[in-house]
Amino acid sequence: MSSPPLPELNTSGFFFRTSSRRTILLRGVNLGASKSPKGEPSHLEFLSNALVGGRAQWVGLPIDLDEADVHLARLRGWGFNVIRYAVVWEALEWQGPGKYDHEFIAYTVELLKRCEVFGFRVFINPHQDLWSRFSGGSGAPLWTLHACGLDPTGFQSTEAALLHSAWPPGDEKKRPGEFPEMIWTTNHNRLAVLTLFTLFFAGRTYAPKCTIDGQNIQDYLQTRYYLAYQMLARALSDAGLLEGCVMGWDSMNEPDAGYIGLEDLSSIGKTPIAKMGSTPTGIEGMRLGIGQAQTVERWHLGKTGPHKDGHVSVDPGGRRAWLREEVERWGWRRDPGWELGTCVWALHGVWDVETGELKQPGYFKRSEGFVETFWLEFHERWTHSMREVDPRGIIFVQPSVFAPPPKVAHTDNRTVYSAHYYDGLTIMHRHWHKRWNADVVGILREHHPTPLLGLRVGENAVRRAFAHQLAMLASDAREVLGDFPTVIGETGIPMDLDDSRAYKKGGKWEGDWTAQTQAMDAILSGCDASLLNYTIWLYAPYNSHEFGDEWNREDMSIFSADDFGLDPGSSACWTRTELSSLYSSRSSDAPDAGESRTMTDALRHASLSSPLPSPSLCPSAQLTPAQAASALLIAGARALLAFCRPYPLACEGTPTHIHFDYATSAFELRVRVDAGRAECATEVYTPFVHYGAATEEERRGSGVKTRMQLREGKQERLEGERWK
C-alpha cells in the first residue's frame, strides 16, 4: 500500500504552513520510549550482559512490525497527525565506536514507512535521560561511560548514580519494587551524570587532559554522536522518507549542563528540584566517587516540594566510580596523561584526593550561561551535520528544560522551537493538584522573589497558571528565535495517580479516569489557548499496570492493554490479540491526499477479518463500523476525553482562537482568513468519542451543537453512539 506524500511544511508567522499557504497544526504523541533493549526493562539487572558484550535486541522497539498497523490506526483515529520518534544513541551504536546496528536501522526504516502510509509526519528525537541507562536513565551506549573513565559497577556503592534494578544501594539483596518514585531525578545532581555531561559539552574547557585517539573527550564523543545519527539519516534518505513523512530532527532530548555554571562545589545549591534521599554536594560526590565515606544531607519530598530532614552516612566500602583499567574491546588509545582509577576533576586540580581538600570551589562558575555557550556550539554543529544529509529537514531547537532558547545562527523557514512542559507537583506526588499548584516555569526562571509567591490557589487559578506558563514558553520563540512555531515536544501526566486506584479491580475507583482527564485537559487547554503544537508523552504499546512504561516506575502512557474493558462506556472488550485481528491486513487502496486522513480513513482502508466469534465479546454476529471504531478507540485508552479533542487540521488563513470543553463537547475555533480566500475550506478533526451520534436528532439530543462549513464531498459521518 502506498500513500501520496504529504505537502512539505515551512515555518512562518509562528505556524507551520504549506506552499499553498494552508496553516497546519500538529498534534500527536511520543511513540514508545524505546529506552532499553527488549527484555531489559529498568527493573531487571542488565549491566552484566553489557559488560561481557552480550547482544542488545533493539529491533522491534517501539512496536513490532506485525503489530504496527493496529497501533497506528488507533493513533490516527484519535486525531493525531504527528509522531515524535525516539531513537537512543545506544540503539544505533551499542557494539562500540563506529559499529552500527544496521538491523535496527533497517527496522526503523520499515516502521517509519508504516507511519507514512497512515499519513503521519514524524520528527526524530535523539532521546536521552541522565545520559544513559547505565547512569540511571537512557540514551548513550556503555562505551561512552568507559571513554569518560567511569565504571558503572561502582555507581551504587558510591551513589554516583541510582539505578532502578540495583535498588537499594549498599544492599546486596536488591528490591527494585521499593525504588522510590521519582528518585531517579536525583541523578541530575550525582557524580556520574554531572561528569558525563560536562565532558560531552565542555571537555575542552574543563578537562583538557582527557584525550582519546588524539581528540579531547568532548570532540571524541560529539563527533561519534553526529556520525551515528547521520548514519540513520542516510538510511531514511535512501528509503525516500526524508522527502516523505520525516520532517525534521531534535538535537538532544533535555540536555543537561552537568557541573557547568555551578558556583560552589561545597554547596547543594538552590535548585528546587531533584532533591530526595541522600543529597551530596559537588565535592562530597567527588569524594564518594573515589571511595571516601561521607555524611551528606538527606531530603524528602513534602507537599510543597523537597525539604531537608537531616543527614545520612554513605560509605562506598573502598569501591570507586572510576575505571581502573582499559576495556580493550573498544579499541581506542587513551592519552598517557589521563590516569585511570582516579577522579578526572582531581586530575585537573579541582580537589586533592589524598587530603580531600576542595581547592577550586568555583572551577565551573561562569558569567555566561550553559545554553548560550556550550549547548549553542553543540547545536550549531548538530545542525550542520544533519543538513549535510537532510538539507530540507526542520531543525528543532531544544535547550535545557524550561530554559529560554539562545539566538541561534542557522534560522530559516526550517526552524522550530521545541519546549517541554510538565505539571511538576502532579508528576512528583502522583496526585492531581487541581486546588493548588505552582508557576513552576516562573519559579525556575526566578520571576518570583520567593517560591511561595509562585503558588496558585483555586481550580481556575491552577488552570490559568498552566496556560500562563505555556504562553511563556511560546513567547520564548517569538522574543528570541523569531518568526517560528513552537512544539511542546513532551507533556503529559502520570496515569497511576493516587496509588494507582484506577487499576484496582473491584475497587471503588476501578476504571475511573476523572483525575487523569482533568489533569490532562488543564495542560492541553493551555496549549489550545496559545495555539501550540504538541506531542504527548507517551504512547507505549507495552505498558502494563505492574511495570508501567518499563522505565524507572514511570507510568504515563495514554494506552495500556491492561485497561481493556476498564473504560466506562465501552460497548465491547477485546483482548490485544482479538483487537489486532480486526486490523490484521490492509487493502491496496491508498488514502485520499490531504491533511484529513484521520480515523474514518484508517477504518475505511483497514480490511476487517471475520467477526469475533465470542458472543460475550461481540454483541452481534456482524461488526458495524461504529462497533469497530469503538473497539479501536476506547478499549485501553486512558484520559481519552481530554487528549482526543477537536482541532483544525488545516486552515485557510490563521487560527486565532481555540477552546474546547470536554464535558459538553463544545468547541470554538476562530480563523482569520485573507481576502480572496474566504470560500476555501478549513478542515477540523471531530473526534468519534465526542461527536459519534448516529443521526442529527440524536446529536441534538446529546447536547452537542455543531456549526461548521465542510468542503463539498468531504463530509463523512460514523454511525454509533456518542461515548459518555
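This note goes through the fold, the helices, the backbone, the cysteines and the packing of a predicted model.

1. **Basis.** Because the model is predicted, local features need pLDDT of at least 70 and side-chain atom pairs count only at pLDDT 80 or more, while totals for chains, interfaces and linings use all residues. Residues are numbered from 1 along each chain as its sequence is written, and side-chain values use heavy atoms, with hydrogens and water left out.

2. **Overall make-up.** The protein chain holds 22 helices and 24 strands, where helices (H or I, at least four residues) and strands (E, at least two) are DSSP runs, numbered from the N terminus. Of its 724 residues, 61% count as buried; buried means under 20% relative accessible area, exposed over 50%, and partly exposed in between, with a 1.4 Å probe and protein chains only. The chain exposes about 27,100 Å², of which carbon and sulfur atoms supply 50%, the areas coming from the Shrake-Rupley method with a 1.4 Å probe, and for residues only the protein chains shown count as cover. Among contacts (heavy atoms within 4.5 Å) with a separation of 6 or more, residues 24 or more positions apart account for 71%.

3. **Helix α7.** Although α7 has 16 residues, its end C-alpha atoms are only 15 Å apart, short of the 22 Å that a straight helix would reach at 1.5 Å a residue; the expected span is 1.5 Å times one less than the number of residues. A kink of about 70° is centred on F200 in this helix, the bend at a residue being the angle between axes fitted to the seven residues ending there and the seven starting there. Since 14 of the 16 residues of α7 are buried, the helix is largely enclosed by the rest of the structure.

4. **Helix α11.** Spanning residues 371-389, α11 has 19 residues and reaches 25 Å from its first C-alpha to its last, close to the 27 Å expected at 1.5 Å a residue. A kink is found here as well, of about 25° and centred on E377.

5. **Cis peptide bonds.** The peptide bond from L61 to P62 is cis, with omega near 15°, and P62 is found in the loop between α1 (47-51) and α2 (68-77). W167 and P168 are also joined by a cis peptide bond, with omega about 0°, and P168 belongs to the loop between α6 (155-158) and α7 (191-206).

6. R21, in the loop between β2 (15-17) and β3 (22-24), has phi near 75°, a positive value in a residue other than glycine; R21 is partly exposed, at a relative accessible area of 45%. D213, in the loop between β7 (211-212) and β8 (215-216), has a positive phi of about 50° although it is not a glycine, and at 40% relative accessibility D213 counts as partly exposed.

7. **Cysteines.** With a disulfide taken as a pair of cysteine sulfur atoms within 2.5 Å, the count comes to 0. The sulfur of C210 is 7.9 Å from the closest cysteine sulfur, in C148, and is therefore too far for a bond. C210 is buried at 0% relative accessibility, and C527 is buried at 0% too.

8. **Nonpolar packing.** The largest nonpolar core has 200 residues, and those with the most contacts inside it are W78, M286, W345, W351 and F643; such a core is a set of buried Ala, Val, Leu, Ile, Met, Phe, Trp, Tyr and Cys residues joined through side-chain atoms within 4.5 Å. A second, separate core of 12 residues includes L26, V416, V487 and A650. Leaving aside residues up to four places away in sequence, W78 touches several residues, among them Y539, F559, L640, F643 and Y685.

9. **Two further sites.** M231, in helix α8 (residues 217-238), is partly exposed at 26% relative accessible area and touches Y100, H102 and I105, not counting residues up to four places away in sequence. M231 and I105 are 126 residues apart in sequence and 8.6 Å apart in space, C-alpha to C-alpha. E178 lies in the loop between α6 and α7 and is partly exposed, with a relative accessible area of 46%. E178 and H164 are 14 residues apart in sequence and 8.9 Å apart in space, C-alpha to C-alpha.
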